Amino acid sequence: MSERRQGEGPKPRKPNLGPSAGPANRRALLAAAREIFAADGLSAPFSAIAKRAGVGQGSLYRHFPDRLSLAVAVYEENLDELEAAVAPPDAGLDALLQGVIAQAIVSTALIDLITAHPHDPRVERLGARVRDIAVAAVEHERAAGRFGAHVDVEDVLLAISMLAGLVARTEPAERAATADRAWELLHSAFAPRAG
């Protein structure tokens, strides 16, 4: 048994707020998962995520019974951001790919986990959302005359996949510069062609 220093009482316990704490705990867990997975990769223990979030492991497992559930939830938030980025009529592929690049730079471990389970229904739903976001970006680009007739949604989806994969496989210090170079190449390939 360890001795307490004089004047040091027991650590105060966080009050149990019951079910009302659920949404705040979930948000804290998602934020912690982003940080932990970005720093330590997918092998990081779940206990580290719960600790960083300031919740018990029971709360973590109630919200996210496995790593894929947690990764899908984080990725859903990423897709919310991408949907908002391409929603304005003047937004298009620049907004989408800048968002993809920013997310890929910090979420490579999550992307790896998601892409390792392409036939999981949760991942398939994410794929459908990505497609919808790409459709919106293509429609905006076409309306603005920034896309050539040779470009379709499948090309944009391939570009997103290539870009995310490239960023994930690049050394962290070089990711932003590599992503910028890749985007410039894609931008040129998607532009209207003369003639």
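Helices here are DSSP runs of H or I with at least four residues, and strands are runs of E with at least two, numbered from the N terminus. You are looking at a predicted model, in which local features need pLDDT of at least 70, side-chain atom pairs count only at pLDDT 80 or more, and totals for chains, interfaces and linings use all residues. Residues are numbered from 1 along each chain as its sequence is written, and side-chain values use heavy atoms, with hydrogens and water left out.

**Next, select α4 and α6.** Helix α4 covers residues 67–86 and helix α6 residues 108–115. They pack at about 115 degrees with axes 9 Å apart (axes are lines fitted to C-alpha atoms over the stretch in contact, and angles run from 0 to 180 degrees between N-to-C directions). Show side chains for R67, L68, A71, V72, V74 and Y75 of α4, which meet L110, I111, L113 and I114 of α6 (contact means heavy atoms within 4.5 Å).

**Last, move to α5 and α8.** Helix α5 (residues 93–106) packs against helix α8 (residues 153–168) at about 30 degrees, with the axes 9 Å apart. That makes α5 roughly parallel to α8 (angles under 35 degrees count as such). On the α5 side, pick L93, L96, L97, V100, I101, A104 and I105; on the α8 side, V156, I160, L163, A164 and V167.

Terms used: Parallel < 35°, antiparallel > 145°, perpendicular 65-115°, else oblique.
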